[in-house]
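Today I look up the aromatic rings in this structure.

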Amino acid sequence: MKSGICKLCRFDRELLRSHLIPAALYDYVRAEYMSPVRVGDGVVVPTDRQVQDHLLCSSCEDLLNKGGESWVNPKLATTAQSFPLYDILTSQPAAVDDGDNVVYFAANNPLFKCDALTHFAVGIFWKASVHSWKRGKVEPMIELGPYEDELRRWLLGETGFPDHICLVVELSKPARAQITLNPPFEKCREGWRTFFMHLLGASFTLEVGSGIDPNMRKFCFYRNAAHPVLVSEELTALTERHLAKHFSEQRQTRAYLLARTKRRPQE
């Protein structure tokens, strides 16, 4: 352990090696005969290294775990096309269905823990905003400005959900769920700031700023009392294209190509 100021409670404590993305999710992307594949920083490489650093004390780690991670972690999509979170969501009738775009109101579903899913997603966005998660770097992975502290206090239960924050949740159908872990990144700025992450079939968009489009606010998973969740073929296709483009722009390392060769007879 290492002593220091915990980023969440801001007390001087013994710090654990905290994960940006919950450690349990790495097993979902581990294939037989091949380590999880990291795509980023210009390369594609198999690695068992997990993104972690000394960040939080044991009490705050426990708070994030009980606040949402322990409920969400086992419910995300797998390579076997199992997706318990999707199954729970769709066990109730859709509120809107135009074929390619379907909206479910999670508030109507007693099995769907909306507070837990919000705490889970916000916790990861917040951790990305207070640390670089890259060796030798000091700038945070994403920049939330004054909303970083507002989300910190919300995670601790000290204040209500920030006024100028909008969280949008979208799930892919199990057959098209991308079994990838894509940490938060800034997507665009259009009078407000938009951050995105994709984890095992679940996509989360965090809109930040006073200028958020009112129509976007209607889809805020937390603030809208109906807790809307999208299941969209269109958005799934956009995610697929983004991931494919990101992969194609990276150099496939010799280690990755060798691992693929060893694995191919088993596929």
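I start with burial: buried means under 20% relative accessible area, exposed over 50%, and partly exposed in between (1.4 Å probe, protein chains only). I am working on a predicted model, where local features need pLDDT of at least 70, side-chain atom pairs count only at pLDDT 80 or more, and totals for chains, interfaces and linings use all residues. Residues are numbered from 1 along each chain as its sequence is written, and side-chain values use heavy atoms, with hydrogens and water left out.

**Aromatic pairs.** I note the rule before the pairs. Rings of Phe, Tyr and Trp (its six-membered ring) pair if their centres lie within 6.5 Å; planes under 30 degrees apart are stacked, over 60 edge-to-face, and the rest tilted. I find eight aromatic pairs.

**Phe112 and Phe221.** Their ring centres are 6.3 Å apart and their planes stand at 65°, so I log the pair as edge-to-face. How exposed is Phe112? Phe112 has a relative accessible area of 5%, so it is buried. Phe221 is buried too, at 0%. Ring pairs also bring in Trp71, which forms a cluster with Phe112 and Phe221.

**Phe120 and Phe204.** Here the centres lie 6.2 Å apart and the planes are at 55°, so this pair is tilted. Both Phe120 and Phe204 are buried.

**A charge over a ring.** I count this if NZ of Lys or CZ of Arg is within 6 Å of the ring centre and within 35 degrees of the ring normal. Lys187 has its charged end over the ring of Phe196, 4.8 Å from the centre.
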